[in-house]
Amino acid sequence: MAQYDVIVIGSGPGGYVAAIRCAQLGLKTACVEGRETLGGTCLNIGCIPSKALLHASHQLHEAEHNFAKMGLKGKSPSVDWKQMLAYKDDVIGQNTKGIEFLFKKNKIDWLKGWGSIPEVGKVKVGDDVHDAKNIIVASGSEPSSLPGIEIDEKVVVTSTGALELGKIPKKMIVIGAGVIGLELGSVYSRLGTEVEVIEFLDTITPGMDGEVAKSFQKILIKQGLKFTLGAAVQKVDASKTKAKVTYKLRKDDSEHEMDADVVLVSTGRRPYTDGLGLDALGIEMSERGQIKTNDQWQTNVKGIYAIGDCIDGPMLAHKAEDEGMACAEVIAGKHGHVNYGVIPGVIYTHPEVANVGMTEEQLKEAGRNYKVGKFSFMGNGRAKANFAADGFVKILADKDTDRILGAHIIGPMAGDLIHEVCVAMEFGASAEDLALTCHAHPTYSEAVREAALACGDGAIHM
Ligand code: NAI
C-alpha cells in the first residue's frame, strides 16, 4: 500500500480543508471517507442542504407577504415539495462534486470506506492498511438525542430526517431552541406547518447575547412559531404517523402532552469517534467524548492529530476549517494558528442572527468596563426598502481603550455583515476605526458603522 505523509480521516469541512492544505504544502496526502460523497455532515446533511431549503422557503415567504406591496401581483407560488427536495439534492451534488474536483486538482487520494487506526502510523480502510507519517482525525459529530426518545428519521427525526420528510407536516414539535431547531423550524413554518418549539431553558439560543435572543424570539413569534420555554421533555411516544411529546414545566413540575405529525429532536450534537480504535491506542478523551488535543491539535499519541467537531470548542464548520488549515501547517513544520476569540456564529433564519466575541453577559461576569453602541435597521434606508428593517447591530467596546470586544447583529445579511467586525477584531481595531471607515450608501453595512459611531459621539441616523 502507498506510503503517505498525511492521512486525514473524514472529509467534512475540517478534513477536506486539512487535506487540501497538506497537499498545497507539498505533503503526500490521502483522505478517508465512507460516505458515497465527500463533504461530511455539512455538505450532505447539514449546512448546505438546510440553506437550500431556507432559501426556497424564504422566497415563498417573500412572494406571499411582500410581492403585492411592491406592485408585483398574481397568484402566489404553490409548493412542489418533491421539486424543492430535488433542488436541495442538486445543490448538495454540485458542492460534493466540487470537493472531488479539488481533491483531483491537488492530487489527494480518496480512500473510500470507513477508516480505523490499528496502530500508530497505520490507517486501515476495508482490507487495506496504509502507512501514514501523520494522521488527522476529523471524524465530526452526530446528533445526540435524549433518553426516552427513539429516532426513526420519519416521525421522530434529527436534522438528517428533517431534510427529507416524505411530506410537509401539518404540525411539527421542535425539541430544543438552538440553531438547528430554529433554522429548520423556520423552514417548515414558512411552508405552512404549525411549529411549536419546546425548550428546557427560559430563553432561546443559549449563549447568545440576551438582548438579541429576546428580540429574535419576538420576531420568530411574529412569524408564527410558538414557544414553550422552561420545559423538560420526558419522552416521545410515536406511531407510524404521529407522535406525542410529554414534557414537564420546570417552574411547577406539572406534566403536559403535545401531539404532532413530526418531532424534530435538536438538542445538540456529540463527537463521533466510533470504530476508529482510539481506546486501544490510549488516546485521551474528555468526559464529553471529545478527543483531547494540545494547542497544536496533537493528541497525547505522537503523530495523531484531531480537529473539528470531535475536539473541544464550538461545533462549527468554519472553526473546523480553520483548525484543518492550521493543523496542516503544523505538520508541515510551519506556524499554525487559530484565534478562538474571533470565531463568528450565524443562525441563517430570516432575519439572520450573527455574533462574534463576547456577549454583554460575559463582559458583566468578567467585570469588564465596557460601552454599548446600538443601531436599529429601522434607520437604514436599504433595509426599509427591502422589508428587512427588523433587528439591530450592537457593538461592545472597551470603555477605556475603545477596542472592540464583541458584536451582535440581528437583521438582514447579518451573517455577512459580521465579518467586517471580525476583521476589525483581528486587527485589534477600536470602534472609532470602524466608525471612521467610509461605508457605501445605501448598504446594510452602514448599520454596522452607525453602531460603531454610537460607541462614540453618537449615530447619525437615530
Ligand atoms: P444547540 O446546542 O444549539 O441547542 C440545543 C437546545 O436544546 C438547547 O437550547 C438546549 O437547552 C435544548 N435542550 C436540551 N435538552 C432539552 C430537553 N430535554 N428538553 C427541551 N430542550 C432541551 O444544538 P443544535 O441546535 O442541535 O445544534 C447542534 C450543533 O450544530 C450546535 O453546536 C450548532 O452550533 C451546530 N450547528 C450550527 C449551525 C450554524 O452555524 N448555522 C447550523 C446547524 C447546527
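Biologist: Which residue in E15 is the bridge partner of Met172?

Modeller: The bridge partner of Met172 in E15 is Val262. This is a predicted model, in which local features need pLDDT of at least 70, side-chain atom pairs count only at pLDDT 80 or more, and totals for chains, interfaces and linings use all residues. Residues are numbered from 1 along each chain as its sequence is written, and side-chain values use heavy atoms, with hydrogens and water left out.

Biologist: How many bridges join E9 to E15?

Modeller: Four bridges join strand E9 (residues 171-175) to strand E15 (residues 262-265), and the two run parallel. Strands are DSSP runs of E with at least two residues, numbered from the N terminus, and helices are runs of H or I with at least four. Two strands pair if DSSP finds at least two bridges between them.

Biologist: And what is the strand order of the open sheet?

Modeller: The order of its five strands is E8-E15-E9-E10-E11, with parallel pairing. Strands E8 (156-157) and E11 (226-228) stand at the edges with a single partner strand each, so one side of each has no neighbour in the sheet.

Biologist: Changing topic, which residues are closest to the ligand?

Modeller: Ile180, Glu183, Glu199, Gly268 and Val346 are the closest of the 22 residues that surround the ligand (a heavy atom within 4 Å).
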